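Subject: Structure handover

Hi,

Here is the structure we discussed. Please open it before you read on.

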Amino acid sequence: MNIFACIKQVPDTTTRIKLRGDGNGIDEADIQWIISPHDELAIEEALRLREQRPDSTVTVLSAGPERVTDSLRMALAMGADSAVRLDLPGDADSGMNARALAVAIGKLGQPDIVFTGKEAIDDGAAAVGQALAVSLGMPCVTVVNGIDYGDGVITCRRDVGGGNIEVIETSLPAVVAAQVGLNEPRYATALNIIRAKKKPIDTLFADELGVTETNRKTRLKNFELPPPKQPCQIIEGTPADQAKELIRVLAEDIQAI
Amino acid sequence: MKILIIAEHKNGLLSEATQELFGLPLGQAEVHAVVAGESVEPLAGPLGQLGAAKVHLIESPALASGTGESLGQALGQFIPQLAPDVVLAAHSAQGKDLAPRLAAALDAALATDCIQVSCDGDQVTARRPVYAGKATAEVEFTDDGLKVISVRPRTVKPPESDAARSASDASVAVEFPAQKTALKKIIAGGNERPDVTEASIIVTGGRSLGSAENFSVIENFADSIGAAVGSSRAAVDAGYRPYRDQVGQTGKVVSPQVYIACGVSGAIQHLAGMRTSKHIVAINTDPDAPIFQLADYGIVGDLFEVVPLLAEAAKNRSGS
Ligand SMILES: Cc1cc2nc3c(=O)[nH]c(=O)nc-3n(C[C@H](O)[C@H](O)[C@H](O)COP(=O)(O)OP(=O)(O)OC[C@H]3O[C@@H](n4cnc5c(N)ncnc54)[C@H](O)[C@@H]3O)c2cc1C
């Protein structure tokens, strides 16, 4: 099978966000970059499927600037066969990213299945999987936390909230967006991380992909940090007094109960 | 300006998040609603009362089980016929899946999970959280083509229904090409309490609960005020709660009116899921726990002592 995983590089979850001077983006100076957590599930699922199906290959794609190469190397260290960077600006909108990924996948061969994460934790847009599927003319199942693989079809469990699960069958080829629970991503061993340093990473440039600024439909601007919080009001007294006062606050001040 | 609201419904009722969309400041825009399903005609009345001028009904047995694929096909055919300037959907489980499909199929601009949306004349403004709510950013639309915007539930209050208002309605015929996906079944989660993404109050417990059984302390208090039960990842990983209750970066993103964190330290990945809550309460033995930096109200104390007293005080209050 020809298996693809599309990943995004994002700031580490613990990053303190600082805004750029012009307010139209963040200061990337001290950022530690990681593979977005749900995208690690996408890589892992691709690798597990390859293990089940002899003669399969896993290709990992990521759209973004030069820095993205590090995340692609991490995917190679996890076990992917090849990795390709699509040279797009870090602030490309989801439509540009999806279009570039679709064109790249078309260039790299007929896919049997494409995995993405259910969303990337930087913009949390949850858009690229569906948009990619539209561009590829494939069905798409999102927020998937379990898959049974059949012959030309897969049965996916979709997390639709409240613990409710939709069981969706789809023909292949298809795009599947991974949710927590799908698998436990493996760690790359130190040895494989060193080995991955020597592996080639191909680059496809925006003009080869036919994606330029003219394809842009949105741009994020005027970033704001949340307003400083009022200090916390600590409720004092005996536990019984504290409890009574908090319930009073909920009922009278906030009128929530 | 012409706006189309995609109305979501379940068991014959409009979802709360759909009703909220009518509460957005939409200026003088002409507001249409579209509702798709097996038999949805009875929803035209309530949509009119919320403020839709016209309701478009897409009825087909093919929509009974509402996969993203069939819904996307139906709306993808209808939207160009109406040619709105803006399509609004709730950023719910359904809307999250649908909005990007529509934007891609219609070559439209997309802004998901917005927490501010307004229309004034022919100007559309949208703002959304980025970096898990550590910042927000305005979405600039670079051309004046169609915009598909999904709005985070609980961003605004729904307007009062006005019985004096009504909408004209029209049915829309669409075709369904062969489906590649099929909904086989729905496995109900068996959660008797409200879901964390829908609740207006959430009581969350963390690792400090120590066992699944001890979560009854949290459940009793939640039940006394009609709240949902949330969980930190540490408590999910320890097997005290199912994943569906997890709040945070890799769990649910919630925005309730009140979020009550009991024995939760306030790790940055947890805050990522609840920082847009309107009011935050923290109960923790450690006065230096990071959760107090985000909280509006705090009790420094042992949750096993305080939380049962909260349940009691809530019951006494509602009983009086
Ligand atoms: C990539 C990634 C994603 C993650 N995603 C999530 C996520 O989605 N959601 C999430 O929650 N976490 C997530 N985490 C984990 C997160 O970093 C924390 O480990 C986790 O939130 C801690 O949970 P906790 O607050 O229950 O436990 P702890 O951090 O152990 O805190 C327990 C707290 O309870 C207090 N306490 C102890 N006993 C009592 C008592 N008797 N009464 C009152 N207070 C008491 C303590 O003072 C302490 O503050 C993620 C981590 C990573 C790396």
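Predicted model: local features only at pLDDT ≥ 70, side-chain atom pairs only at ≥ 80, totals over all residues.

Residues are numbered from 1 along each chain as its sequence is written, chains are lettered from A and ligands numbered from 1 in the order in which they are written, and side-chain values use heavy atoms, with hydrogens and water left out.

Ligand site

- 25 residues surround the ligand (a heavy atom within 4 Å). The closest are B:Arg207, B:Ser232, B:Ser265, B:Gln269 and B:Asn284.
- By class, the shell has six nonpolar, 15 polar and four charged residues (Asp, Glu, Lys and Arg count as charged; Ala, Val, Leu, Ile, Met, Phe, Trp, Tyr, Cys and Pro as nonpolar; the others, Gly among them, as polar).
- B:Ser232 lies 2.6 Å from a ligand oxygen. The side chain of B:Gln269 has an N or O atom 2.6 Å from an oxygen of the ligand. B:Thr250 lies 2.7 Å from a ligand nitrogen.
- The protein covers 76% of the 990 Å² of accessible area that the ligand has on its own (Shrake-Rupley method, 1.4 Å probe).

Strand residue

- B:Ile202 sits in strand β14 (residues 201–205) of chain B (a DSSP run of E, at least two residues).
- B:Ile202 is buried, at 0% relative accessible area (buried means under 20%, 1.4 Å probe, protein chains only).
- B:Lys184 is 18 residues from B:Ile202 in sequence and 32 Å away in space, C-alpha to C-alpha.

Best wishes

Conventions
Polar contact = N/O pair within 3.5 Å; in protein donor to acceptor, adjacent residues only side chain to side chain. Helix = DSSP H or I, 4+ residues; strand = E, 2+ residues; numbered from the N terminus. Buried < 20%, exposed > 50% of the residue type's maximum accessible area, 1.4 Å probe, protein only.
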